[in-house]
Amino acid sequence: MSGHTGAFAEPTPVPDATARAMRRRAALEEALLPPLVALAVILVAGDLLILAYGEAPGAVWRLLAEGTWGNAYGIGQVLYKATTLTCTGLAVAFALRAGLFNIGAEGQLAAGGFGAALAGLALPAGTPSLVAIVICVGAAALCGGAVGAVPGVLRARFGAHEVIVTIMMNFIVLALLNYVVAAKLHVPETLHTPTIRAGAVPRLASSIEAFHGSAASWTIVIVAAAVIGVAWYLFRTRAGFELRAVGLQPAAAEYGGVNVPRAWRNALMLSGAIAGLGGVNYVLGYKGYYEDGFAGGAGFLGIAVALVGRNHPLGVVIAALFFATLSQGGLAINAMVPKQMVDVLQGIVILAVAAAVPEVRRLVRQAARR
Amino acid sequence: MRRLFGLLGVLLAAHLVLSFVRPEGAATPPVGEGLDIGIVFDLGGRGDKSFNDGAYLGAERAMRELGARVRFVEPGEGSDREAGLRLLAAEGMDLVIGVGFIFTDDLTELANEYPNVAFAGVDYAVTVDRAGNPVAPPANLAALKFREEQGSFLVGALAALVGNSKKLGFIGGMDSPLIHKFEVGYAAGVKAVCPDCQVISQYAGVTPEAFRNPGRGKELALSAYQQGVNVIYHASGSTGLGVFEAARTMQKFGIGVDADQFNEAPGFVLSSMIKRVDNAVFDMIARVKDERFEGGVYQYGLEQDGVGYVYDDNNRALIPDSVRARLEQLKADIIAGKIIVPSSR
């Protein structure tokens, strides 16, 4: 039912052509229908909210579309927001594949951004751009990974529940970064670090004039590479296979010879690294400095992105684009309806998808059993 | 699956019908003609009972009295600040206002990019070059600064005059130059009317968290009250809620900051040092309307009615007429330049 492939899928008889076609159709329906229904639900819910506010739904939706996908600037903004959300969504999805709930993407994202900024500040100004970017991106992944390693090791060694540990790590990391920036590293009268000396990633607008003014940068390529890398790791490597096996059925995986604690540790550590990578979008690609609070909830929204994206790298990218559109669209329609409407719609999407997606039902059942 | 298909159909049909509904009085997005003002709030937005609400009040008054059309944008995450300002600037607003020091970089960038649009930043942080000289903001950007030390001076004098103790309390949020301004002004006000009085100053911390820590605020306030302090002035964001809580417990007084905080502890709030963001915002809109807007640094002090203290029906009983007269005299002296209030340690 769940659409996973691999050794743990139910054994199937050799199918004839029609049966195969029917199964393919069913699989397609199952993949596409829930998100479509969720979309229809938010359209109707949005209509009702807009009407309750005394505006015309048609006009508001049109404004939303124009402000997001209607011009290059809007598209750039959506891409920018989607880049960060892809990383945090991918991070959550990655851990979920191993059966672990990483709620710490917010802190990992911030740590990654901070790491990138630190590396960019430490490098001498003349460092060749490509070298500097590689070092800064590596620093981001390293810092995010370090934050993710804590719940990973605690889970592997002591069986500490990762939900609790990752939640608590958010507070620790954010407070620590807040202290370091506010007390040691900030530019006077602001809450951000000085501008990095090396490692800045050019904006999209520097090569494509139409994107002028939008925050989108070539970090989008770095993140796209990460998406492909994660997909490859999950579905084409032995480690990824083990990780998914552990996620589906830890006892069976262990019986099959998988070192389960090690898989847990690696999953959370890599998950943290992926979330940390998202920090480069703001720090290297946009502002050029680490600013306290830049994550702004993108880490938590990553959970929704992973759920709506059904834990598949491609699904995560689509879901990230969707949530980014909502977020940017909320800004565009702010003149007519309050921003909170978009927040409500986000919540409704999550509920609608959660109710419709079989994986979620399974996860809830599993969590109830644990 | 079939059920989901059916649901999908029903929902889409409902949406199709609903999207053609046009309620009466639905707004058409404003364009062109008239006085168009755009305001981007700081994170937190309206309802903060502080400068976001202040900016809203000023804009509301401008709508009433100047016929301005005002659009508000509430940003979500970091990049929304620039996006919001850009959205408004690109639409050809006559004036775009960013509320909060955090807009400093974004405003500078956009003011350079849209030289024909007027910009204003509430609490805009004027940067300093290597030699220590302030860097002037772009010619179409107004930096709205407030002389918090002057308002603090008056509440300091008030605290000393009605406090009935030689010890006065001050509680700051984050230990930083911005808050020292309040402390120094307050202490100067105390000394002006009571040279041998002593100000007990405490800070809640060294990070921005110190502005959001009511528990710590209560702790600090209780210790000050127990040392014989009867009035505490706080400049500490929501940490101050703890100060008022302590005032209520000890049956003593607190003094609010930024906005009128009487409602936080009715009966135990002596007064509040108010920052009239509403007046500054209204002033800017009026300047744009009369075509006398200019970029530069604007200082809103007592003279411009940019800062002040609360004296109304709620606290009139607590402030005798002689004290009120004394405060008004001090205010006149500051405006006349006879008293120079210090703003840094």
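## The parallel sheet of chain B

In this predicted model, Phe119(B) stands opposite Leu141(B) of strand S5(B). The two strands involved are S4, residues 118–122, and S5, residues 141–146, both of chain B. They pair in the parallel sense over 4 bridges.

S4 and S5 belong to an open sheet of 6 strands in chain B. The strand order is S2-S1-S3-S4-S5-S11, and the pairing is parallel. S2 and S11 (296–300) of chain B are the edge strands, each pairing on one side only. From one strand to the next, the twist averages 20°. Helix H3(B) packs on this sheet. H3(B) touches S1 (36–40), S2 and S3 (95–99) of chain B. The direction of H3(B) makes about 175° with that of S1(B).

## The mixed sheet of chain B

Chain B also has an open sheet with the order S7-S6-S8-S9-S10-S12. Here 6 strands take part, and the pairing is mixed. The edge strands are S7 (198–205) and S12 (307–309) of chain B. Each of them pairs on one side only. The twist in this sheet averages 15° from one strand to the next.

Within the sheet, S9 (residues 253–258) and S10 (residues 269–275) of chain B pair in the parallel sense. Gly254(B) has Val269(B) in S10(B) as its bridge partner. Helix H8 of chain B, residues 240–250, lies across S6 (167–174), S8 (231–235), S9 and S10 of chain B. H8(B) runs at about 160° to S9(B).

## H7 against H8 in chain B

H8(B) also has a helical partner. The axes of H7 (residues 214–226) of chain B and H8(B) come within 6 Å and cross at roughly 40°. That angle makes H7(B) oblique to H8(B). The crossing is right-handed.

From H7(B), the contact takes in Pro214(B), Gly215(B), Arg216(B), Gly217(B), Lys218(B), Ala221(B), Leu222(B) and Tyr225(B). These meet Gly240(B), Leu241(B), Gly242(B), Val243(B), Glu245(B), Ala246(B), Ala247(B) and Met250(B) in H8(B). By class, the contact residues divide into 9 nonpolar, 4 polar and 3 charged.

## Domains of chain B

Chain B is divided into two domains. Domain 1 covers 36–146 + 279–300. Domain 2 covers 149–274 + 311–336. Taken over C-alpha atoms, the centres of domain 1 and domain 2 of chain B are separated by 29 Å.

## Helix pairs in chain A

Two helix pairs of chain A are described here. In one, the axes of H5 (residues 129–158) and H6 (residues 162–185) of chain A come within 9 Å. They cross at roughly 150°, which makes H5(A) roughly antiparallel to H6(A). The crossing of H5(A) and H6(A) is right-handed. Val147(A), Val150(A), Pro151(A), Leu154(A) and Arg155(A) of H5(A) meet Glu162(A), Val165(A), Thr166(A), Met169(A) and Val173(A) of H6(A). This contact has 7 nonpolar, 1 polar and 2 charged residues.

The other pair is H8 (residues 238–248) and H10 (residues 260–277) of chain A. They pack at an angle of about 105°, with their axes 10 Å apart. H8(A) is therefore roughly perpendicular to H10(A). From H8(A), Glu242(A), Leu243(A) and Val246(A) take part. They meet Val260(A), Ala263(A), Trp264(A) and Ala267(A) in H10(A). The contact residues are 6 nonpolar, no polar and 1 charged.

## Where chain B meets chain A

How many residues of chain B are in contact with chain A? There are 39, and they are in contact with 45 residues of chain A. Three elements of chain B give two or more residues to the side that touches chain A: helix H1 (2–18), strand S2 (69–73) and helix H3 (79–90). H1(B) supplies the largest share, 8 residues.

By class, this side of chain B has 22 nonpolar, 9 polar and 8 charged residues.

Conventions
Residues numbered from 1 in each chain as written. Chains lettered and ligands numbered in written order. Predicted model: local features only at pLDDT ≥ 70, side-chain atom pairs only at ≥ 80, totals over all residues. Contact = placed C-beta atoms within 7 Å. Nonpolar A, V, L, I, M, F, W, Y, C, P; charged D, E, K, R; others polar. Domains from an automatic or database assignment. Axes fitted to C-alpha atoms, helices over the stretch in contact; angles between N-to-C directions. Parallel < 35°, antiparallel > 145°, perpendicular 65-115°, else oblique. Pairing = 2+ DSSP bridges. Left-handed = near helix turned anticlockwise from the far one by under 90°.
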